[in-house]
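Welcome to this short tour. Please open your viewer, switch to a cartoon view and get ready to select a few pieces one by one.

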Amino acid sequence: MTQAVQTAIQASAERLGPPVYQLRNVTRSFAAGRIKALDPVDLDLREGSFSAVIGPSGCGKSTLLKIMAGVTPPTTGSVMLYGSPVVGPRTEIGMMYQQATLFPWLTTIENVLLPIKIREGAAAATAKREQAQALLDLVGLTGFENVYPKQLSGGMAQRTSICRMLITEPQVLLLDEPFSALDELVRDFMNIELQRICMSRNATALLITHSIPEAVLLSDTVYVMSPRPGHFVEAVDIDLPRPRTLDMMTSPEFGEYVRHIRNRLDLEAASA
Amino acid sequence: MTMATERDLGRPVTVEPASFPETVWTEKVTIIDLIPRSVAMIGLLVIVLTLWWSVHHFQIVSRIILPSPQEVAADIIFVGKNLLSGGYMLAALWITTKEILFGFAIAIAIGFTLGVIVGETSFGERALLPYLVAIDTMPKVAFAPLFLAWLGFGIGSKVALAAFIATFPIVVGTAAGLHASDENARMMFKSLGATRWQTLFQMKIPTGLPHIFTGLKIGAVGVMAGAITAEFLGGGKGLGELIRVAASQLQTPRVFSLILYLSALGYLLFWLVVFAERRIVFWHRSTVAGIETRH
């Protein structure tokens, strides 16, 4: 299985840009090492690539993402972003979560501007108002900038949270099951939006997901994780042309990728 | 073949024959649920007053102990006139109002500060909270003699007991409010590199406002109890003292009417808090005893 990972890394190295994220031997354990949340993980994310991590619940996917975001420290190993160690939150990173996490006392546009307000102050946030408006227009929320989140649907709330992630112009996107709370129709639409945004900005993205089709649809590489303590058991390169479309989801190749990953997950679940 | 069931679908969707009885039915509604709120309230009042009147009329209990509704009504008007003409009762009402407002203000200041210390710092949670819980379980009116001994028979001792009683629910509300933020919100602020103050003021306190206002509402009720208890025990010139004097002279109609005016004062304070809550916590529907207040 290490071989498979190595091959995948080499294969993507030929295709894509320089490494952005580099993880070596990253682990996380609790209770003085007695409970392991994450077995050693090695990972390279190359510039402009889209990767997905898929695995069963509680396998440590979210822990991995938190470590990469500099929110949780690793127990061992090193995390490098653009050549410098990640030892805390970094401004290059933009994050999205399963819940939109909009604050009900802020209007849509104030929610979008919140990262600027926190990092650079209220004056800087006011100065960026036009950019925030442009982002809201881009995701089809024109006219909703001054309403409160209570009046937004689930899909609109997640689109607002995309804008909040993009307002800081992050080069790296860490996505923790961003659309899993949405219904399937909205979710497909949002995934295509996400692809468009990533491609237009040449952003490097890592997606945590439970959905195999979603992972295949969006990713250049899908990393399959074992049950707890999680580690990568296979890196599956998805060789489908870009931009990906929802139509591709019915193609035989797509089905083959999905089947392969599902079998791999079942195998791990059975041996656990 | 034409069928009624074809409608706009362009193909038959049901199997013939389509002859069924109408199955329209209504949900059961009890008559009591159909009564408007105002009618229900007035109706209940009429029932209670009638019962009261009967007890008095048929002398089920001594008339000295229980005055008639008419006597109480007459006294309510008498007290009202005295208040409006700026008589000694107005002065008493003003003193009690001052005690309540000062007591509440002090309770908010101390309660909020302690609540933030308990909810935000591990020192507060580990060292301070156990003592606060211990004091909170005590019957706080038992401290009244102590406050009287320390602060004398003036307004100070009344303010102190009122504040003392109202502080604890505000501490609890604030501390609980600061823990109300969810994991995602905290992670988001952390990942943005927010400082502790930014997280506190821009996320934790706004998130906790509904809890804080719950504490304030309980405190607003407590502050009344504190002020009146202290007046009963320590004299002074407030409404509580008037009630005590009237009761000792067996002027029961006066006791009833003064209690009514006192309730109006408490009611006013309570709704002042609810009003503030609606303005400040506009995104959250405030409730009284679990029932939504109208927006």
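Helices here are DSSP runs of H or I with at least four residues, and strands are runs of E with at least two. Keep in mind that this is a predicted model.

**Stop 1: a helical stretch in chain B.** Select residues 101-119 of chain B, where the chain is 100% helix and 0% strand. Now try residues 131-153 of chain B: here you find 65% helix and 0% strand, with 29 Å between the end C-alpha atoms. Both stretches are among those that an unreviewed UniProt entry annotates as "transmembrane region".

**Stop 2: two helices side by side.** Still in chain B, select helix H7 (residues 155-178) and helix H9 (residues 196-234), which pack at an angle of about 160° with their axes 6 Å apart. How are H7(B) and H9(B) oriented to each other, roughly parallel or roughly antiparallel? Angles over 145 degrees count as roughly antiparallel, so H7(B) and H9(B) are roughly antiparallel. Their contact has 18 nonpolar, 13 polar and three charged residues.

**Stop 3: the sheet in chain A.** Move to chain A, where six strands form an open, mixed sheet in the order S6-S7-S8-S3-S9-S10. At its edges are strand S6 (93-96) and strand S10 (232-237) of chain A, each pairing on one side only. Zoom in on S6(A) and strand S7 (residues 172-176) of chain A: they run parallel and are joined by four bridges. A:Ile93 has A:Val172 as its bridge partner in S7(A).

How values were computed: Residues numbered from 1 in each chain as written. Chains lettered and ligands numbered in written order. Predicted model: local features only at pLDDT ≥ 70, side-chain atom pairs only at ≥ 80, totals over all residues. Pairing = 2+ DSSP bridges. UniProt positions renumbered as here; feature names shortened; annotations may be inferred. Axes fitted to C-alpha atoms, helices over the stretch in contact; angles between N-to-C directions. Parallel < 35°, antiparallel > 145°, perpendicular 65-115°, else oblique. Nonpolar A, V, L, I, M, F, W, Y, C, P; charged D, E, K, R; others polar.
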